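Here is a short report for someone meeting this structure for the first time. Take a look at the chains, then read on.

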Amino acid sequence: MNIWKISLQNIKSKPLYTFLSVFVLVLSITLLLGIQQLKTSFEYQMERNLGGIDMVVGAKGSPLQLVLASVLHLDNPTGNISYQEALKIGKNPMIKSAVPISYGDNYEGYRIVGTTADFGSLYHAELEQGSGVKKSMDVVLGNSVAQHLKLNIGDTILSTHGLVDATVEVHSDKLTIVGILKPTKKVIDRLIITNLQSVWDVHDHKEEHLEESEEHHDGHAHEEHDDSKEITSLLITFRNPRGLVTLPRKINKQVGLQAALPKYELDRLYAYTGVGFKTITAVAYIILIISGIMIFTSLYKMVKERAFDLALLRTYGARNFQLIKIVAYEGFTIAFTAFALGFLFLKIGLKYVFKMMNADDKLYMLQELPYQDLLHTGGSIIILTTVSVLLAIYPILKMDIATILSNEK
Amino acid sequence: MIQTDHLTFQYKKKDTSFSFPDLTLKQNENLLILGKSGIGKTTLLHLIAGLLKPKHGTIRIDAIAINTLSNRQLDKFRGEKIGLVFQKNHAISSLSVLENLQARLYFSKHKIEPSAIDVLLKQLDLHKIQHHKAHQLSEGQLQRLGIASAIIHEPSLILADEPTSNLDDENCKIVIALLIAQAKKTKVNLIVITHDSRIKPFFQNVITL
């Protein structure tokens with residue numbers, strides 16, 4: 001027999017109340033930790049998808065759109081820019097690498113990106129099998145594309161005009177798969193990579209037949225004359241962080257061009273999505289406070305209703321401090337049980353969520369919960385429980401055993 | 001050996017004060033204190049148990065003047081030397097019969113052989129229900145558990161506050177006989193306070209407040 005045993009028996013003697021306290025606390029803990037872990041994972045994934053790209057140059061329009069389109073490959077591009085202009089920008093000494101990309105077609109919904117050999121190195125992508133793009137109409141598949149469409153080296157595909165799988169307008173030029181990349185867990189896994197020439201060739205050919213439809217598709221790379229080749233955008237990494245300050249301003253002054261900084265645009269995006277995260281976090285904290293009140297009520301009820309039990313323990317020789325320990329152990333047992341359960345549910349729950357999200361392409365990676373967040377949530381719960389216990393033990397401090405035990409009222 | 005000397009008590013918030021006759025009990029002696037409600041019977045019992053502190057006078061139990069002890073020392077003294085029996089609420093409701101006795105031993109830091117617990121449980125006919133929770137027990141079973149809790153740690157004084165008031169004639173006899181028998185067996189003093197005159201014949205020493 002010890003204090004712990006008495007606390008545990010107290011908990012067991014009111015299963016419903018204990019269950020409710022633990023349940024509500026688990027709910028808030030799961031929400032709090034879950035939202036943190038999702039946010040971390042989401043932002044980490046975004047950061048990864050940026051690769052080494054510090055700046056993207058494209059046609060004038062929304063800078064966020066430019067980033068979403070050319071870096072994360074989620075949106076339509078703002079338009080095209082001159083390849084000659086792009087090459088000129090790339091010569092700036094502050095720039096380490098400038099990778100041109102040109103796209104406008106898809107195969108089964110996966111984007112076909114015309115670019116140079118440097119594109120893969122932005123994402124540290126390596127070939128799993130086959131070789132790199134050597135000539136026009138060669139393509140290398142991102143790992144998810146190959147997995148999902150079950151394509152192998154030597155297979156040929158026909159590209160579709162546009163960026164979504166609508167199968168309205170199929171190009172007649174066959175693209176041949178010459179290589180497949182290793183998985184990178186970055187956006188490149190979902191892309192089909194070819195060289196710039198392929199994109200120009202496909203559309204050069206197309207122009208002869210389908211002139212009128214071209215007007216409707218911005219962001220479409222096409223070639224009119226050799227010296228007026230166009231690309232969609234230019235992905236830039238800096239040699240020197242000073243470039244971040246001076247170059248965007250310089251480029252934005254040029255007619256038809258804009259420079260967008262992916263990190264800055266993403267931060268802007270987070271500011272919007274952050275509202276959602278903040279709301280859920282606030283709700284979780286409210287539930288946390290409610291569960292604190294429940295723990296307090298449970299303990300306070302025990303202290304009040306079982307005043308005779310506690311007084312009896314005093315006649316057994318228990319000190320006041322030992323009675324306080326009984327109450328404190330009870331509160332902390334509930335809190336720690338809930339914390340452990342919440343943590344467990346989170347692990348299982350998020351794994352399941354990510355499994356569903358990754359059904360198509362294994363792009364999303366669950367990030368470990370930052371230990372600061374764990375510490376923060378754990379700390380909040382310890383403070384909450386301590387306050388509940390301190391409030392609940394007040395009657396013990398004021399307790400008059402003689403009166404409680406007295407029959408003469 | 002219990003001795004009280006010029007004992008008076010006053011409640012903090014009330015004007016009523018009590019003064020009590022001097023008591024002297026030699027080893028193995030029992031005492032019945034009779035009195036009407038409100039006369040301060042329970043107060044006297046609580047003074048002797050160290051739950052209340054007297055205004056004046058001294059209380060000596062086994063040569064210890066308990067009115068001079070600190071609160072901490074009183075807790076310890078109570079745990080070791082006193083066994084209290086009440087009219088109702090005899091046990092910790094969330095604990096089983098056995099756990100109640102173990103808790104009693106734990107807080108008084110008194111160690112006995114596990115077999116001694118068995119013997120006591122059998123004597124009080126509690127061994128078959130030793131794993132039942134206190135809140136599941138009948139009034140008679142609870143009263144017996146209360147007595148078991150009061151003697152398991154081998155105190156030098158058993159104090160019983162209206163132990164029979166809630167009981168019918170038959171159970172009244174059983175309980176008081178049990179208390180006296182247990183006191184005799186463990187050679188301790190027993191003080192019973194009550195307004196229940198049915199138990200008067202069981203005692204040689206009787207004082208009326």
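B:E139 sits in helix 5 of chain B, which covers residues 139-151. The model is a predicted one. B:E139 is partly exposed, because its relative accessible area of 36% falls between the cut-offs of 20% and 50%. Leaving out residues up to four places away in sequence, B:E139 touches B:Q87, B:H90, B:N166 and B:L167. The C-alpha atom of B:L167 is 8.4 Å from that of B:E139, although 28 residues separate the two along the chain.

Next comes the largest pocket. Its volume is about 1100 Å³. It is lined by 34 residues, and the closest to its centre are A:D400, A:A402, A:T403, B:Y11 and B:L52. Four elements each give at least two residues to the lining: helix 15 (401-405) of chain A, and strand 1 (2-10), helix 1 (41-48) and helix 2 (71-81) of chain B. Helix 2 of chain B supplies the largest share, five residues.

| Class in the pocket lining | Count |
|---|---|
| Nonpolar | nine residues |
| Polar | 12 residues |

In soluble globular proteins, nonpolar side chains tend to be buried together. The largest nonpolar core here has 77 residues, and A:L313, B:I61 and B:L159 touch the most other members. Helix 12 of chain A (residues 320-357) provides the largest share of this core, 11 residues. A second, separate core has 38 residues, including B:L98, B:L126, B:A134 and B:I158.

Back to B:I61. Beyond its neighbours within four places in sequence, B:I61 contacts B:M1, B:I2, B:I48, B:I66, B:F77, B:I82 and B:L157.

Key:
Residues numbered from 1 in each chain as written. Chains lettered and ligands numbered in written order. Predicted model: local features only at pLDDT ≥ 70, side-chain atom pairs only at ≥ 80, totals over all residues. Heavy atoms only, no water. Buried < 20%, exposed > 50% of the residue type's maximum accessible area, 1.4 Å probe, protein only. Contact = heavy atoms within 4.5 Å. 1 Å grid on protein atoms, 1.4 Å probe; cavity = no way out; pocket = protein on both sides within 12 Å on 5 of 7 lines; lining within 4 Å. Points joined across faces, edges and corners; volume = space filled by probe spheres on them. Nonpolar A, V, L, I, M, F, W, Y, C, P; charged D, E, K, R; others polar. Core = buried A, V, L, I, M, F, W, Y, C linked by side-chain atoms within 4.5 Å.
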